[in-house]
Amino acid sequence: MPASWDIDTVRAAFPALALTDDGKPRIYLDAPGGTQVPARVVERMSEVMIRSCANDGGPFRTSRDTNRIMADAHSAVAAFLGAQPDEVVFGFNSTSLIFHFSRMLAREWQPGDEIVLTRMDHDGNVGPWLIAAEERGVTVRWLDFDPDTFEYRYDMLDELVGPRTRLVACNHASNIFGTVNDVARIVAAGKAAGAVTMVDAVQSAPHLPIDVAAIGCDLLACSPYKFFGPHAGVMYVAAELRDRLTPLKVRPASFDMPWRHTPGTPSFEAQAGTQAAIQHIAWLGEHCAGFDSAAPLRQRIVAGLEAAGAYEAKLMDRFLERATSIPGLTLYGIASRNRLDARVPTFSFRLANRAPAEIADTLAQENIFAWSGDFYAYEASGRIGLRDKGGVVRLGLSHYTTAAEVDRALEVVAQLAA
Ligand SMILES: Cc1ncc(COP(=O)(O)O)c(C=O)c1O
């Protein structure tokens with residue numbers, strides 16, 4: 001099969017992309033807040049709920065199905081992250097998983113210990129650690145970013161991380177600037193000091209292949225609803241940390257994985273839908289990168305994300321070329337068209353003459369779906385001085401976005417700027 005991006009076939013996989021309202025097509029530029037889902041995800045979830053709806057662990061057919069659904073979903077996420085199935089935990093969302101693991105980890109902290117958080121993270125990878133630090137009398141130290149380049153101040157790491165550091169939590173791709181960060185470098189600094197390392201991959205997972213072994217982290221979170229799946233969260237827990245933690249589990253619950261770190265009954269349908277979302281990405285590797293459907297799942301996933309990434313790079317180039325020529329538009333993120341590999345297609349901006357909410361409202365009137373505000377990038381929006389000023393407008397592209405949609409959105413923005 002020839003390797004080429006086939007946008008019409010890719011879009012046909014997503015029923016929501018064909019919807020119109022009052023004759024106006026929908027343009028979904030809200031992907032960083034949550035992506036659309038392929039039909040296979042909806043069909044799989046529906047099938048599971050009709051044919052296999054039961055709790056796990058029983059001898060009867062639907063319960064045995066549920067155990068298989070769980071096992072398959074954990075294997076699919078393991079292939080997606082380069083992990084082992086027994087290093088994968090499902091939860092409601094990334095934030096609640098981070099709260100859950102922070103509670104277990106904080107039991108190991110002593111007053112006077114230190115943790116390192118960053119000013120670029122979504123608050124889901126900040127707030128839970130701040131609360132745990134306060135409860136344990138632990139000092140919080142901050143890895144800053146340069147507000148001109150929108151990149152971490154890696155030069156600060158030596159001074160920030162030391163023998164008392166218990167945790168280093170950082171961001172893979174920013175949900176406000178789109179910067180892709182060198183998390184392996186930050187993780188290496190944390191590991192050298194003996195700290196637990198946590199990577200928030202919520203915004204990178206829809207765009208880049210993730211390899212937890214190459215990153216070297218202990219914990220990594222992502223959210224299936226940002227990568228074409230249902231509302232859920234996923235945490236990678238490296239085997240060594242997984243076995244060291246005293247689980248927050250009720251007494252009758254199994255000590256085996258994943259039950260040890262999955263309190264209560266999970267959404268089995270969300271697990272099935274997540275597996276289907278990963279199958280969609282693998283299908284991209286087959287259909288658009290020429291991989292055989294018999295190739296290992298991980299290979300097809302990586303090929304699918306690389307093919308999507310190459311397509312998204314073309315969209316980013318087009319976006320940057322056009323957006324940066326709009327008078328009065330300030331982009332908050334890497335603007336160089338030579339550095340597309342340093343960002344994901346998430347673009348935040350302001351116009352000199354309009355409030356961000358007004359721009360989002362005008363786009364909404366054109367059936368163009370986009371967010372304004374701070375998107376819980378609480379520290380980052382404060383660092384650039386916009387948290388209390390309406391934040392920014394965010395246009396997020398995906399592998400299902402067309403060049404014509406980018407042009408249309410920027411046309412509306414240009415009219416507002418004029
Ligand atoms: C970078 C980042 N981290 C964490 C989160 C929180 O994810 P969840 O909604 O799954 O808790 C988000 C959500 O937008 C995000 O963009």
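Helices (H or I, at least four residues) and strands (E, at least two) are DSSP runs, numbered from the N terminus. Residues are numbered from 1 along each chain as its sequence is written. The model is predicted: local features need pLDDT of at least 70, side-chain atom pairs count only at pLDDT 80 or more, and totals for chains, interfaces and linings use all residues.

**Stop 1: a cis bond**

Select Met-257 and Pro-258. The peptide bond between Met-257 and Pro-258 is cis, with omega near 5°. Pro-258 sits in the loop between α9 (239-244) and α10 (268-287).

**Stop 2: the whole chain**

Zoom out. The chain holds 14 helices and 17 strands. Its C-alpha trace spans about 65 × 55 × 35 Å along the principal axes. The radius of gyration is taken over C-alpha atoms, and the globule rule is 2.2 Å times the number of residues to the power 0.38. For 418 residues a compact globule would come out near 22 Å, and the chain's 21 Å agrees.

Now consider contacts: two residues touch in this sense if their C-beta atoms, placed from the backbone, lie within 7 Å. Of the contacts with a separation of 6 or more, 69% link residues 24 or more positions apart.

A residue is buried if 20 or more other C-beta atoms lie within 10 Å of its own, exposed if 12 or fewer, and partly exposed in between; C-beta atoms are placed from the backbone. By that count, 50% of the 418 residues are buried.

**Stop 3: strand β5**

Select residues 114-118, strand β5. Five of its five residues are buried. In a regular strand the side chains alternate between the two faces of the sheet. Here Glu-114, Val-116 and Thr-118 lie on one side, with Ile-115 and Leu-117 on the other.

Leu-117 has Trp-142 of β6 as its bridge partner. Val-116 is bridged to Val-168 in β9.

Next, show helix α5 (residues 127-136). With β5 and β6 it makes a right-handed β-α-β unit. Right-handed means that, with the strands pointing away from the viewer, the path from the first strand over the helix to the second runs clockwise.

**Stop 4: strand β4**

Select residues 88-91, strand β4. Val-88 and Phe-90 point one way, Val-89 and Gly-91 the other, and all are buried. Four bridges join β4 to the antiparallel strand β12 (residues 233-237). Phe-90 has Val-234 of β12 as its bridge partner.

**Stop 5**

**Stop 6: two positive phi angles**

Select Asp-22, in the loop between β1 (20-21) and β2 (24-25). Asp-22 is not a glycine, yet its phi is positive, about 50°. Is Asp-22 buried or exposed? Asp-22 counts as exposed, because it has 5 C-beta neighbours inside 10 Å.

Finish at Phe-375, in the loop between β16 (371-373) and α13 (378-383). Phe-375 also has a positive phi, about 55°, without being a glycine. Phe-375 is buried, with 23 other C-beta atoms within 10 Å.

Conventions
Two strands pair if DSSP finds at least two bridges between them.
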